[in-house]
Amino acid sequence: MEKRKKFRRSLVTRRALPQGHVLVEADLDAKRPGTGISPAEMNYALGRKLARDMQEDDVIRWEDLV
């Protein structure tokens, strides 16, 4: 399982985003490791607000979204 997480991809931010920002597709990218939200679940993340400030390339987790 641990190896799978390293090869999976996660959604990450393309640039720094402030708390309360509503996510759009242009804000997101998919990179390794797969410890956050899967790119297959991107549609569930789009349109949601950020619960905290995020820096460029931060892995997005469900607890980061409102």
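Visitor: What makes the backbone nitrogen of G36 and the side chain of S10 a polar contact?

Guide: The backbone nitrogen of G36 lies 2.8 Å from a polar atom of the side chain of S10, and a polar contact is a pair of N or O atoms within 3.5 Å, where one must be able to donate a hydrogen and the other to accept it, and residues adjacent in sequence count only if both atoms are side-chain atoms. The backbone nitrogen of T35 also lies 2.9 Å from a polar atom of that S10 side chain. This is a predicted model, in which local features need pLDDT of at least 70, side-chain atom pairs count only at pLDDT 80 or more, and totals for chains, interfaces and linings use all residues. Residues are numbered from 1 along each chain as its sequence is written, and side-chain values use heavy atoms, with hydrogens and water left out.

Visitor: Why is S10 called buried?

Guide: Its relative accessibility is 0%, and buried means under 20% relative accessible area, exposed over 50% and partly exposed in between (1.4 Å probe, protein chains only), so S10 counts as buried.

Visitor: How do you know that R61 is partly exposed?

Guide: R61 has a relative accessible area of 32%, which falls between the two cut-offs, 20% and 50%, and therefore R61 is partly exposed.

Visitor: Which residues does R61 touch, not counting residues up to four places away in sequence?

Guide: R61 touches T35, G36 and I37, where contact means heavy atoms within 4.5 Å.
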